[in-house]
Amino acid sequence: MAEAMHRELKGVGYEVFILLLSILSVVNLVVVAVGTFIGRYEGPALEVVLAMDTIITPFFVFDFFYRLLTASSRRAYFFRGWGWADLLAIIPLFRIFRIFRIVRVATLLREYGTHRFMADLLEARASATFLLTIFLVILVLEAAGASIYYVEQGDAQANIGSAGDAIWWGLVTITTVGYGDRFPVTPEGRIIGTFLLMSGIGLFSVLTGFIANVFLAPPAKPRVSRPSDDPRAAIAAVRALLAEQEKRTAVIREHLDELERSVKLKAQATG
């Protein structure tokens with residue numbers, strides 16, 4: 001049971017990323033549905049939310065095929081592992097089906113255990129930080145795009161006139177490129193732009209550091225698997241560590257014997 005659960009998890013950092021992205025998508029759907037139903041929040045903000053929800057669709061396409069191709073049983077994943085819900089949720093209008101993946105991932109992480117979860121997260125902190133940064137970029141870009149379009153659309157001199165303009169402005173601002181073809185003209189818009197600039201400096205510094213680490217860091221040393229919750233597996237892991245330590249001790253003894261023989265030979269030669 002524990003082994004099957006471990007195989008289903010595609011890495012703690014990746015699962016947390018998909019969980020957060022799924023929650024964001026469901027929240028977007030609820031916001032759009034409520035806004036459309038009551039007719040009060042129709043307009044620029046909802047257009048940006050819909051556009052961003054469409055932009056994150058490739059992540060869900062990748063997630064479905066990744067789980068399908070790496071599943072021990074593709075039939076079991078599709079029918080019993082909520083694969084059909086993942087497939088339907090690729091379509092933006094059916095994003096409500098991401099709730100099944102949210103519940104499944106949350107259940108798996110809870111059964112995995114807090115101690116093992118934190119240990120795995122610490123071990124894979126580089127990739128987990130990278131994925132979390134990607135999610136934060138999406139979240140900040142959506143929030144800033146919806147806000148800037150909302151506050152700018154009423155100004156006669158505004159040049160951000162569509163959801164595409166708002167997202168484009170947010171993208172070039174958060175990356176600190178700043179082409180200048182789209183820019184806020186209202187005081188509220190400039191406040192939002194300042195916030196986005198500060199966020200972009202921090203977020204893209206993390207991304208740049210991760211990419212540099214991937215190319216420049218030395219190869220990681222092989223790790224000895226940690227003992228699991230199974231006592232027999234824990235005993236086997238400890239025995240493996242002991243055997244490895246004995247091998248290292250034997251090598252050290254050999255070097256020590258060679259040094260002693262070398263000292264004796266030199267002493268005899270000088271005597």
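Predicted model: local features only at pLDDT ≥ 70, side-chain atom pairs only at ≥ 80, totals over all residues.
## Overall composition

The protein chain contains 12 helices and zero strands. Read from the N terminus, its elements therefore follow the order α-α-α-α-α-α-α-α-α-α-α-α. The chain has 271 residues, of which 33% are buried.

Contacts in the protein chain can also be viewed by their separation in sequence.

## Helix α2 against helix α9

Two packed helices are described by the angle between their axes and the distance between the axes. Helix α2 covers residues 12-38 and helix α9 covers residues 125-152; their axes lie 8 Å apart, at an angle of about 15 degrees. The two helices α2 and α9 are therefore roughly parallel to each other, since angles under 35 degrees count as roughly parallel. The crossing in which α2 passes α9 is right-handed.

On the α2 side, the contact involves G13, Y14, F17, L20, L21, L24 and N28. These residues meet A128, L131, L132, I134, F135, I138, L139 and E142 of α9. By class, the contact of α2 with α9 comprises 12 nonpolar residues, two polar residues and one charged residue.

## Helix α2 against helix α8

Helix α2 also packs with helix α8, which spans residues 114-123. The angle here is about 100 degrees, and the axes are 8 Å apart. That angle makes α2 roughly perpendicular to α8, because the range for this description is 65 to 115 degrees.

From α2, the residues that make the contact are V12, G13 and V16, and from α8 they are F117, D120 and L121. The contact of α2 with α8 divides into four nonpolar residues, one polar residue and one charged residue. G13 of α2 takes part in this contact, and G13 is also listed among the α2 residues that meet α9.

## Helix α9 against helix α10

The axes of α9 and α10 come within 8 Å and cross at roughly 130 degrees. The helices α9 and α10 are therefore oblique to each other. Their crossing is right-handed.

In α9, the residues in this contact are V137, V140, L141, A144, G145, I148 and Y149. They meet A163, A166, I167, W169, G170, L171 and I174 in α10. The residues of the contact of α9 with α10 fall into 12 nonpolar, two polar and no charged.

## Two buried residues within helices

S22 lies in helix α2. With a relative accessible area of 0%, S22 is buried, because buried means under 20%. The side chain of S22 reaches the backbone oxygen of I18 at 2.7 Å. Apart from neighbours within four places in sequence, S22 is in contact with F60, R98, R101 and I102.

T173 is located in helix α10, which runs over residues 163-174. T173 is buried, and its relative accessible area is 10%. A polar atom of the T173 side chain lies 2.6 Å from the backbone oxygen of W169, and W169 is itself among the α10 residues that meet α9. Once neighbours within four places in sequence are set aside, T173 is in contact with G193, L196 and L197.

## Loop residues with positive phi

W82 is placed in the loop between α5 (74-79) and α6 (83-88). Its phi is near 65 degrees, a positive value in a residue other than glycine. W82 is partly exposed, with a relative accessible area of 30%.

T176 is found in the loop between α10 and α11, the latter being residues 187-216. T176 is not a glycine, yet its phi is positive, at about 60 degrees. The relative accessible area of T176 is 46%, and the residue is partly exposed.

T54 belongs to helix α3, formed by residues 44-55. T54 is partly exposed, with a relative accessible area of 46%. Along the chain, T54 and I90 are 36 residues apart, and their C-alpha atoms are separated by 9.4 Å.

Methods. Residues numbered from 1 in each chain as written. Heavy atoms only, no water. Helix = DSSP H or I, 4+ residues; strand = E, 2+ residues; numbered from the N terminus. Buried < 20%, exposed > 50% of the residue type's maximum accessible area, 1.4 Å probe, protein only. Polar contact = N/O pair within 3.5 Å; in protein donor to acceptor, adjacent residues only side chain to side chain. Contact = heavy atoms within 4.5 Å. Axes fitted to C-alpha atoms, helices over the stretch in contact; angles between N-to-C directions. Parallel < 35°, antiparallel > 145°, perpendicular 65-115°, else oblique. Left-handed = near helix turned anticlockwise from the far one by under 90°. Nonpolar A, V, L, I, M, F, W, Y, C, P; charged D, E, K, R; others polar.
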